[in-house]
Amino acid sequence: MANDLFTIRNILKSSREQLLDRSNVVATGVGYKVTGGKKTSTLGIICSVTEKIPVSRLPSRDRVPQTLDGVPTDVIRTGPIRALQSSTDRHRPAPGGVSIGHRDITAGTLGCLVKRGDKLFILSNNHVLANSNAAKIGDPILQPGPHDGGKYPDDHIADLEDFVPISIVGVPSECEVAGQIAKWLNVVAKYLGKDTRLQAVRIQAEDNLVDAAIARPRSPEAEYVKNEILDIGAIAGTASGELDMAIKKYGRTTNFTTGQIEQVDVTVNVQYGEGRIASFTDQLMAGAMSQGGDSGSAVLDSDNRLVGLLFAGSENSTIINRIENVFSALRVSL
């Protein structure tokens with residue numbers, strides 16, 4: 001076998017330039033020949049091509065011979081081979097899975113592209129694109145996000161279009177009565193020489209279904225965004241998340257990961273900073289397949305159908321909005 005390998009290497013060395021001259025060949029190497037979809041024990045010269053094209057449609061100069069000096073050849077499709085970029089790099093056009101964020105946050109993940117009417121939008125979380133309710137419509141969105149070096153205006157990729165407000169316990173109350181009472185008691189405290197002051201805060205909040213927002217890409221859209229997800233490709237529709245469903249995502253921090261839906265109908269309290277809690281119902285829970293910075297990732301099943309929007313997690317869990325709730329709340333579709 002060693003002699004065979006040595007011989008084949010020498011044959012490849014003398015023939016690789018002519019193989020790489022063929023228009024569809026992007027790589028050559030030594031490997032095991034595959035027949036009928038199964039790897040055999042036969043060593044051969046393997047040619048990687050961008051597309052598998054029937055021999056009858058190829059000009060003779062672009063055909064890979066069946067053997068080279070008695071050594072069998074094989075042709076496999078790899079597609080175009082590109083230098084890999086980090087998900088935290090600047091991408092133009094930017095696909096799903098890369099770093100993005102409102103100018104006042106750290107960074108999250110660009111989930112995917114969606115449509116409202118005939119307009120195209122970037123989908124991610126409220127706390128990624130809208131700074132957890134604090135942003136204003138029209139605020140600039142940066143790719144990469146500020147934590148990954150994104151700066152305005154050089155990395156301005158989109159403008160905040162819409163978001164679903166998150167009802168959070170522990171934020172300042174908008175109740176005028178509570179505000180006036182706190183103000184009056186603070187005057188009394190000041191008169192008495194006390195150094196403690198009161199603030200009216202919300203102690204009850206409505207349940208939430210989604211942490212979601214959309215941003216309008218700058219024009220022309222094709223220069224700024226790409227309708228696919230890193231290492232996953234194009235989305236092939238939507239599906240409803242179910243128990244035991246195999247899922248996958250590509251996120252800014254942990255990149256490509258897989259998992260399984262372990263719980264449905266989940267109600268969960270999520271921390272949005274010190275003393276700020278939001279309750280979410282009708283969520284999906286998976287195991288450890290994400291970390292901070294993956295928020296906003298699109299979650300797909302094994303058939304590339306979109307099932308959810310990742311937005312929270314812990315050391316051993318990942319919490320996902322159902323995509324049907326996201327689409328309904330934002331009035332968007334694929």
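## Report on the predicted protein chain

A234 is partly exposed, with a relative accessible area of 49%. The structure described here is a predicted model.

A234 sits in the loop that runs between β13 (225–229) and β14 (246–251). Neighbours within four places in sequence aside, A234 has contacts with N227, E228 and N304. In sequence, A234 and S333 are 99 residues apart, while their C-alpha atoms are 15 Å apart in space.

Is S132 buried or exposed? S132 counts as buried because its relative accessibility is 18%, and the cut-off for buried is under 20%. Leaving out residues up to four places away in sequence, S132 touches N126, H127, Y272 and R276.

The table sets out the accessibility of these two residues.

| Residue | Relative accessible area | Class |
|---|---|---|
| A234 | 49% | partly exposed |
| S132 | 18% | buried |

The rest of this report concerns the whole chain. Five helices and 19 strands make up the secondary-structure elements listed for the protein chain. The domain assignment gives domain 1 as 1–77, domain 2 as 94–167 + 205–330, and domain 3 as 171–202. Taken over C-alpha atoms, the centres of domain 1 and domain 2 are separated by 43 Å.

What does the C-alpha trace span along its principal axes? The spans are about 100 × 40 × 40 Å. The radius of gyration of the protein chain is 27 Å, whereas a compact globule of 334 residues would have one near 20 Å.

Of the 334 residues in the protein chain, 45% count as buried. The accessible surface of the chain is about 17,900 Å², and carbon and sulfur atoms account for 48% of this surface. Among contacts in the protein chain with a separation of 6 or more, 66% come from residues 24 or more positions apart.

Charge is the last topic. The protein chain carries 36 positive and 38 negative side chains. The centres of these two sets lie 5 Å apart.

Methods: Residues numbered from 1 in each chain as written. Predicted model: local features only at pLDDT ≥ 70, side-chain atom pairs only at ≥ 80, totals over all residues. Heavy atoms only, no water. Domains from an automatic or database assignment. Helix = DSSP H or I, 4+ residues; strand = E, 2+ residues; numbered from the N terminus. Rg over C-alpha atoms; globule rule 2.2 N^0.38 Å. Buried < 20%, exposed > 50% of the residue type's maximum accessible area, 1.4 Å probe, protein only. Contact = heavy atoms within 4.5 Å. Areas by Shrake-Rupley, 256 points an atom, 1.4 Å probe, with all protein chains shown as cover. Lys, Arg positive; Asp, Glu negative; His and termini not counted. Charge placed at Lys NZ, Arg CZ, Asp CG, Glu CD.
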